[in-house]
Amino acid sequence: MNLLVISDLHIGNNDHFETFGWNGHDFIKALQKIIHEERIDKVVLNGDIFELYKYSFDEICNSNKDLVDYLLNQSSFIYLKGNHDAICPFGESSYQTTNSKGQSIYIEHGHSADFMNGTQLGRKIQTLGFNLLRWISKTPWVLNIYFRIVELDEAINKIPKKYHSIKYLTHALRLLKDHDLVVLGHTHKIEAHKTYYLNARKQYINSGSCSMGRFQGVIIDTETLSYDTLKFKNYKELRKEYKRPLIRELALTA
């Protein structure tokens, strides 16, 4: 089975404060192309799909109805909750599957590794902070400063200080005691590590982020545990990579 794991879209309501950076229909087409070209059997939406620190779910649905309907109504899609969408009434905290060799693959968002993101109190504090920031960001110079900080944190080859910590790798290593392959999101950085535990080879992968108009993710062959990472700066770069047209375009949800 081929799994596609993507995370950290942070879909909002298309206002000045949103960091998703995609046209909803373009994202659907991009996802469909990858599913078709890479022969994907299941898609794991690994948390922070919706930006519920800044917006209500109703706001997001009203602004991105087609995209929300598409993501939530595909039988082959699995929705996992992250810290930014922890209050969703749907979704699971993790996904696990085992191949014919008995090897275990475990996927979760990864925010449980720290207090501010992994606890209810920490998330309430952040929600309050984002609501305040959303209000004051109506001032243009404040908004410019905010996006400069976001863009700096999202810069290629730079790991933000808030994620430059052994705690995330330690969390993954702890999970690898019981699993052969662990996939996390949360840090917005594609990475992969191999290690050994009791003479068995283990792997940790981070699926990166599909925010700021880019597309990142990881494709996993569950039978062999081999994987490929996807790292496109924008929709144009993704379309250039997948030049062949779809045999059948899936209809957008009305």
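Q: Where does Leu198 lie, and why is Leu198 called exposed?
A: Leu198 lies in the loop between β7 (190-197) and β8, strands being DSSP runs of E of at least two residues and helices runs of H or I of at least four, numbered from the N terminus. Leu198 has a relative accessible area of 72%. Exposed means over 50% relative accessible area, buried under 20%, and partly exposed in between (1.4 Å probe, protein chains only). Leu198 is therefore exposed. The model is a predicted one, in which local features need pLDDT of at least 70, side-chain atom pairs count only at pLDDT 80 or more, and totals for chains, interfaces and linings use all residues. Residues are numbered from 1 along each chain as its sequence is written, and side-chain values use heavy atoms, with hydrogens and water left out.

Q: Why is Asn199 classed as exposed?
A: The relative accessible area of Asn199 is 78%, so Asn199 is exposed.

Q: Why is Asn206 classed as buried?
A: Asn206, in strand β8, has a relative accessible area of 0%, and is therefore buried.

Q: What makes the approach of the Asn206 side chain to Gly185 a polar contact?
A: A polar atom of the Asn206 side chain lies 2.8 Å from the backbone oxygen of Gly185. A polar contact is a pair of N or O atoms within 3.5 Å; within protein, one must be able to donate a hydrogen and the other to accept it, and residues adjacent in sequence count only if both atoms are side-chain atoms.

Q: Why are α1 and α3 called roughly parallel?
A: The axes of helix α1 (residues 24-37) and helix α3 (residues 65-72) cross at roughly 30 degrees and come within 8 Å. Axes are lines fitted to C-alpha atoms, for helices over the stretch in contact, with angles from 0 to 180 degrees between N-to-C directions. Angles under 35 degrees count as roughly parallel, over 145 as roughly antiparallel, 65 to 115 as roughly perpendicular and the rest as oblique. Helices α1 and α3 are therefore roughly parallel to each other.

Q: Which residues make the contact between α1 and α3?
A: From α1 the contact takes Gly24, His25, Phe27, Ile28, Leu31, Gln32 and Ile35, and from α3 Asp66, Leu67, Tyr70 and Leu71.

Q: Which residues of α3 are buried, and what covers them?
A: Leu67, Val68, Asp69, Tyr70 and Leu71 are the buried residues of α3. Their cover includes α1, β2 (42-46), α2 (57-63) and β3 (77-80).

Q: Why does Ile78 count as buried?
A: Ile78, in strand β3, has 17% relative accessibility and therefore counts as buried. Beyond four places in sequence, Ile78 touches Lys42, Val43, Val44, Leu45 and Tyr95. Ile78 and Lys42 are 36 residues apart in sequence, with 7.5 Å from C-alpha to C-alpha.

Q: Why is Tyr242 called buried?
A: Tyr242 has 9% relative accessibility and so counts as buried. Tyr242 lies in the segment after α8 (235-241), and Ile34, 208 residues away in sequence, is 7.8 Å away, C-alpha to C-alpha.

Q: What makes His16 partly exposed?
A: The relative accessibility of His16 is 33%, so His16 counts as partly exposed. His16 lies in the loop between β1 (2-6) and α1.

Key. Contact = heavy atoms within 4.5 Å.
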